[in-house]
Amino acid sequence: MKLKNNSKHLKESQCDFFENTIRFIKHLCLYVLVLGVAACTDFVEVDPPKNNLISETVFDDPATVESTLANIYYNMREQGMVSGNFGLSVLMGIYSDELDYYGFDTNYIEFYKHTVSTNNANVLSWWSSAYNLIYASNDIIKGLDNTVAISLEDQDQFKGQALFIRAYLHSLLVNLYGDIPYITTTDYLENNTVNRMAVNTVYDLIITDLINAVNLLNSVDTSGEHVVPNQEVAKALLARMYLYTENWELAEATADDIISAYSLEPDVNAVFLKNSTETLWQFKPDGISNMNTYEANQLVIRFIPGQSYALNNSLLEAFEPSDLRRLNWVGSTTSNDGLTTLHYAYKYKAIFSETASLEYSIIFRLAEQYLIRSEARAHLGNTSGAQEDLNAIRNRAGLGNTTATTKNDLLEAILQERYVELFTEHGHRWFDLKRMDVANDVLSPLKTNWQTTDVLLPIPETEIDINPNLKPQNLGY
């Protein structure tokens, strides 16, 4: 596939270390390495470089490239769409039918009440942080293409990770914003004038990057804790992209590859522990200020009033009687006066005050692949295969086999199962409602201000002001 000039301007204001864009590009690698050494070498347990480096020497030493990638993962964990602190799990939870919001942040209220403005700070932050990290990934790819000092084996692993990161962040952006630029360059002149690309084109480029990543990466968990993406992680995203683009055969085959290499965690209560058998990729806490996950710190209600989020009644009512996930993944707190009881997501149970790291933030896990394969099989007319995969998830939750036998009944049952299995995990529920074209049916009775155009977030107004080629703005904004 020939790539077009599809770069995207990255906001200069996000890079306060530099005085202008040209200097930013020249010294980006040094910036990334300094942050990587200072803040996140423990994140993937990489020893920091011992001397000062300039960008020209970054690709002479595999340890510095590893530190650069470590910094990207660190920033994904700490900020932007993938962060458990203020990422998709929380904001798209209140945007959909998973969470109620009780806080006072005006930007969050806009998400909860479906009154998101083009100047919403979170809309801008997600866009800017994603493209900054995409830019850093492109810089790694470019540097590796021009080095002779790093072994070909190491080059493949590093480049595969960078391609995966680029594909993953674009996959989130395209689902949130619709037509977007697909950035494959570090040329700031192109980034200043880039145009948005059609959704289908973006998906094609994502899939191409992931296929290349799969071919470069190996299946070994080099970290020993599933904190560095490997071939199976790239396949997991590829299976998701095939599902989203309705390529049922490849979705089934790709998910099948992963399912054959991993096993479901048999104990529902152990699924979100750091050593769960079904984890494909997870973020390790820093182990200093944070021993466990942002998800637990955000979502576990300690007292009322004082809560920020609680589970929406629609989600609570979606659980079948005797569902072990309802028992183990949902907690509750009652106010001192006994008048108010709220339920909260209790997948992650260890809050910051714990003195040991018991849980890491899981980004990809095997259960999703069973549900991907089930859905693909339903579309392919493989009723028994779809039922078998759906039952694997249901039986672990203590439920009987599905009673769905027709294609339509199976698809409804799978959507329902994804709701109660993947709730408050990186926006799965919202993306499902959107891609299955049921967002209006589900959310219009629940959200007073819901409009059909809310299926997309607005392009940040400041980005359009800087680059008018990003017009037109999404409908409804």
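Mentor: Let's start with a term: buried means under 20% relative accessible area, exposed over 50%, and partly exposed in between (1.4 Å probe, protein chains only). This is a predicted model, where local features need pLDDT of at least 70, side-chain atom pairs count only at pLDDT 80 or more, and totals for chains, interfaces and linings use all residues. Residues are numbered from 1 along each chain as its sequence is written, and side-chain values use heavy atoms, leaving out hydrogens and water.

Trainee: Thanks! Is E425 buried or exposed?

Mentor: E425 has a relative accessible area of 6%. Buried means under 20%, so E425 is buried.

Trainee: Which residue forms a salt bridge with R365?

Mentor: A salt bridge here is a side-chain nitrogen of Lys or Arg within 4 Å of a carboxyl oxygen of Asp or Glu. For R365, the closest N and O atoms of the pair are 2.8 Å apart. The partner is E425.

Trainee: How many residues apart in sequence are the parts that R365 and E425 tie together?

Mentor: Helices (H or I, at least four residues) and strands (E, at least two) are DSSP runs, numbered from the N terminus. R365 lies in strand β6 (residues 361-365), while E425 sits in the loop between α16 (407-421) and α17 (428-435). The pair therefore ties together parts separated by 60 residues.

Trainee: And how far apart are the closest N and O atoms of R325 and D323?

Mentor: R325 is buried at 1% relative accessible area, and D323 is buried at 4%. These two form a salt bridge, with the closest N and O atoms separated by 2.9 Å.
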